[in-house]
Amino acid sequence: MNAALETLMLAFAGEDALAVPSHALFLGAQPHPALAQWPNLCGWQPLKPQATAWERAGLARVDRPTGRYPLVLVLPGKSRDETLAWLALAHDHLEPGGRLLAAMPNTAGAARFEQALAKACGNLVSLQKHKCRAFQVQDDGQWHAEVFAAWRALGGRRVIPNTNFVVEPGGFSVDHIDPGSAWLAEQLPPTLRGNVADLGAGWGFLSDAVLRRCPKVGRLDLFEADARALDCARVNLAGHARELHFHWHDVCEGLPGSYDAIVMNPPFHVGQATAVDLGRAFLQIAAAALKRGGKLYLVANRQLAYEAVLEASGLVWRNAGEDRTYKLLMAERR
Ligand SMILES: C[S@@+](CC[C@H](N)C(=O)[O-])C[C@H]1O[C@@H](n2cnc3c(N)ncnc32)[C@H](O)[C@@H]1O
């Protein structure tokens, strides 16, 4: 069960139920059986697995929200800046007199965001269930435009200090370069050649390292679930005159090609929850996509037991280094 989504949908049930409007926008869209009955519901979802689930439920999706609606639903991501920016985005797509309804888990700071929205809009209505809050405000022409302007600015692209890398809030490692990825980058052999894939490429840090360090790499495929991070990767790698392919793709669905080498810092979170199986799935998919003689280079938190997956996938592997937090694993398909 998606607790925040269930709580959001409670606003349309019971005595004080909101009426389903003629058209609506859903930011961070996730499918729910009750939504199948809604006329003209449009979803925006930057994360590929959730976007696919939305489309498989037969619901309409847009790459960028446009237009104005009497109701905007919001299921924000996990970072503060992203959440406030999404509330501002919801505000920007409301018709005059429209209603904004958001839901999030208590552990994601629901009470804090509810308070912030109440300050910006007044007259907030809230319900609590499933360790989540759903809260709504209706435009009465009195909302504080300057608060929404400040929140909107939080969603813009920024540069990681002391680098030229552009990032967007909500993605992985947007304030600094991840130390594990930095360590893996230093260890990539300059002899790497052929077709290379970067799984969970984020805003392109490891791909940039491959292109800088390995002149014999002919083609690089980036696979990333977060469309915003992938768009930043396009910008960050624009200076490299090499064959690059950017895939907005759920790695768990498999890869369309096979590779001489794969690099990755596999994810092991979905939203706020730890999901080690996601990391394991990345390893299995990578192993299946390696050519004979193909090499896998990965960095992981030390406590993640990935070695058994490499073994079971038929790869020959070695631990290429370990510190207090990370380990580097290198593997080969013989
Ligand atoms: C640990 S981060 C590594 C990012 C980047 N490679 C780096 O080293 O900075 C893992 C990345 O995997 C992405 N990701 C998570 N689930 C995914 C999936 N199912 N398919 C593709 N990418 C996914 C996340 O959005 C995130 O950018």
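I looked up the second largest pocket, and its space comes to about 480 Å³, where a pocket is an open set of points on a 1 Å grid over the protein atoms alone, with protein on both sides within 12 Å along at least five of seven lines, for a 1.4 Å probe, and a volume is the space filled by probe spheres set on the points. The model is a predicted one, in which local features need pLDDT of at least 70 and side-chain atom pairs count only at pLDDT 80 or more, while totals for linings use all residues. Residues are numbered from 1 along each chain, and side-chain values use heavy atoms, without hydrogens and water.

Next I noted the lining (residues with an atom within 4 Å of a point): there are 26 residues, and Trp44, Asp63, Arg64, Glu168 and Arg228 lie nearest the pocket's centre. By class I found 12 nonpolar, three polar and 11 charged residues in this lining, with Asp, Glu, Lys and Arg counted as charged.

I then asked which helix gives the most to this lining. It is H3, with six residues; helices are DSSP runs of at least four residues.

Methods:
Helices (H or I, at least four residues) and strands (E, at least two) are DSSP runs, numbered from the N terminus.
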